[in-house]
Amino acid sequence: MTEIEVRGLSKTFRVGDVDVHALRGVDLKIEGGEFVAIVGPSGSGKSTLFNILGGLAPPSSGTVSLNGQDLAKLNDAGRTELRKKSVGFIFQKYNLLPTLTARDNIEIARDIAGKSGAWDPQYLELLRLLGIADRLDHKPRALSGGEQQRVAIARALVNGPALLLADEPTGNLDTENSNAVLGILKDLNKRLGQTILMITHNPEAAAFADRTVTMRDGRIVQ
Amino acid sequence: MVLIGAQVAMILTLVGVSRGVLGNMQRRAKGTGADILIRPADSSVTSFASNMPESIVDFVRGIEHVQIATGAMVHPISNFDTITGIHWDEFSKMSGGLALLKGKKFEKPDDMVVDQVFAAGHKLAPGTPFNFGHLWNITGIVEEGKLSATFVDIAALQDIFAEPGKISVVYVKVDDPKNIPIVIKSLQAQLTDYKIYSMEEFLSLFTTDRVPYVETFTKVVIVIAAVIGFLVVFLSMYMAVLERTREIGIMKAMGASPGYILGILLRETVVLSLAGTIVGIGMAYASRTLMASVAPNMPQLIVPDWYPWVTLIALGGSLVGAVYPGLKAARQDAIEALAYD
């Protein structure tokens, strides 16, 4: 099972002549199959932690171990490889490619990972679970926000990532769709044992997770 | 795509017109019925100097095996237009005759006969006055394909343009084709200051590489076209990369490598270039129609043997133009790209 271990993680950005310390020695352990919510106000370092765990940015210092691999030691190509094979992203704005159908949005993720051929039965079952099996030939503009986010979840899971990272996945959804999406994430976690780390500022959304971690000023406070 | 098509059409039109004009000249030279030509030393395939004394014609007539010899004067009016002065009866005898479609041959000094293509292009009919370096009176329209598009009496032309007794070329018909080499040898021995060609040799000179500047001009146009292709693709790809910053960020978040992103943009460029080439070939057909109506004396040929070349030129210019925007896209930071609105 996937295990994530973060030790002494810090990240400093240079903004003009000023150093901004976004993370100040974060320690965090997430067991495989856990659903963890990270909450905190704006500027607390949630997004920076998300970006480092997802291989979108390198840390300034500290170690980040994902299944025994130290992300801090990866170069650009290594982080690209990590994103391709081990991490799936869900964003607040869905981030589907607008010119492609839902099916092609999923296919391009497989293509990037070097996969081809028919989707396996387990994945087709997942699409049915997500309720988008009959919406795959529509472009994002023809889908509701909830449907777009479910397509984004399907895309994030198509390559069987070790870690599913969700950044405010319900931020653009109404209550009904928010609950549906969070229910799906919970279900994926329970049924498939999918490790999920969700960033949110919404306590109701965080309540769907097994555990909530609170951040403030670049540190984990609870 | 249309702009890439324009660069392709530009090349195809230039090559097509070069070949069309040369082909036309070749056909007209052949239409004279002559076996041998004598031209001034300073003349080129496409230019005629009127500095040969007409008395040469009588001299040539005296050479053994020469059946007919007739002089012609070619007077340039503009870059592509000339007036040709001939002895109607002598030329008719040599060429088999200028076939009159309308009207009659020239009789007075200001009379002019034109061929059907020239007449259609300039909307001329017998009885029409025509200002063409001089005010002429159109008396007849002949079938095209022999020597020139405009015919006037040679003596009148010499007189009007103050070149009395001067001609540009002597056309020679030999009694038997097998005697052509003998006559050429004899002419070369006696007329050492002139260019003497068999018709076969003269026709072989009508290629773009033999005509001054055509080859160079074609190369210049190709370079300009390739630069246009480069700029068009560079700007459009640059804009496309800016517009698709977020999409590129999404793909990078999914693990797309710089090579993958670059590959997508280059593949799009190839498709754009190939589609532009097809549009350009279509535009070359349109320009041929346009040329036929506005410049009938400059026929444009369709040149399929150039399609691979224009494809390569369009592809080359476009791919070079796509490289910088492509690299810019490939190097984009995923986090910044995802934050782009």
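In chain A, Gly145(A), Gly146(A), Gln149(A), Arg150(A) and Ile153(A) of helix H5 are in contact with Asn177(A), Ala180(A), Val181(A) and Ile184(A) of helix H6, where contact requires C-beta atoms, placed from the backbone, to lie within 7 Å. The model is predicted: local features need pLDDT of at least 70, side-chain atom pairs count only at pLDDT 80 or more, and totals for chains, interfaces and linings use all residues. Residues are numbered from 1 along each chain as its sequence is written, while chains are lettered from A and ligands numbered from 1 in the order in which they are written. Helices (H or I, at least four residues) and strands (E, at least two) are DSSP runs, numbered from the N terminus.

Two packed helices are described by the angle between their axes and the distance between the axes. The axes of H5(A), residues 145–157, and H6(A), residues 175–192, come within 9 Å and cross at roughly 15°. Axes are lines fitted to C-alpha atoms, for helices over the stretch in contact, and angles run from 0 to 180 degrees between N-to-C directions. H5(A) and H6(A) are therefore roughly parallel to each other; angles under 35 degrees count as roughly parallel, over 145 as roughly antiparallel, 65 to 115 as roughly perpendicular and the rest as oblique. The crossing of H5(A) past H6(A) is right-handed, a crossing being left-handed if the near helix is turned anticlockwise from the far one by less than a right angle, and right-handed if clockwise.

Two strands pair if DSSP finds at least two bridges between them. S9(A), residues 211–216, and S10(A) are joined in the antiparallel sense over two bridges, and Arg219(A) in S10(A) is the bridge partner of Arg216(A).

Another open sheet of chain A contains four strands in the order S2-S1-S4-S5, with antiparallel pairing. Strands S2 (18–30) and S5 (69–70) stand at the edges with a single partner strand each, so one side of each is left without a neighbour in the sheet. S4(A), residues 61–66, is linked to S5(A) by two bridges, and the two run antiparallel. Within this sheet, Ser65(A) stands opposite Asp70(A) in S5(A). The loop between S4 and S5 of chain A holds Asn67(A), which has a positive phi of about 55° although it is not a glycine. Most residues other than glycine have a negative phi. Asn67(A) is partly exposed, with 14 other C-beta atoms within 10 Å. A residue is buried if 20 or more other C-beta atoms lie within 10 Å of its own, exposed if 12 or fewer, and partly exposed in between.

In chain B, strand S6 (residues 111–115) is mostly covered, as four of its five residues are buried. S6(B) runs parallel to strand S8 (residues 135–142), to which five bridges join it, and Asp111(B) has Asn137(B) in S8(B) as its bridge partner. With strand S9 (residues 150–153), S6(B) pairs in the antiparallel sense over two bridges; here Val114(B) is partnered by Thr150(B). Lys123(B), in the loop between helix H4 (116–122) and strand S7 (129–131) of chain B, has a positive phi of about 50° although it is not a glycine. With 8 C-beta neighbours inside 10 Å, Lys123(B) counts as exposed.

A nonpolar core is a set of buried Ala, Val, Leu, Ile, Met, Phe, Trp, Tyr and Cys residues joined through C-beta atoms within 7 Å. The largest such core has 107 residues, and those touching the most other members are Ile38(A), Ala154(A), Leu165(A), Leu185(A), Leu197(A), Ile11(B) and Leu12(B). Helix H1 (residues 2–30) of chain B gives the most to this core, with eleven residues. Apart from this core lies another, of 42 residues, including Met112(B) and Val172(B).

Between the chains, twelve residues of chain B are in contact with twelve residues of chain A. On the side of chain B that touches chain A, helices H9 (245–253) and H12 (334–338) are the elements that give two or more residues, and H9(B) gives the most, with four residues.

Terms used
Two residues are in contact if their C-beta atoms, placed from the backbone, lie within 7 Å.
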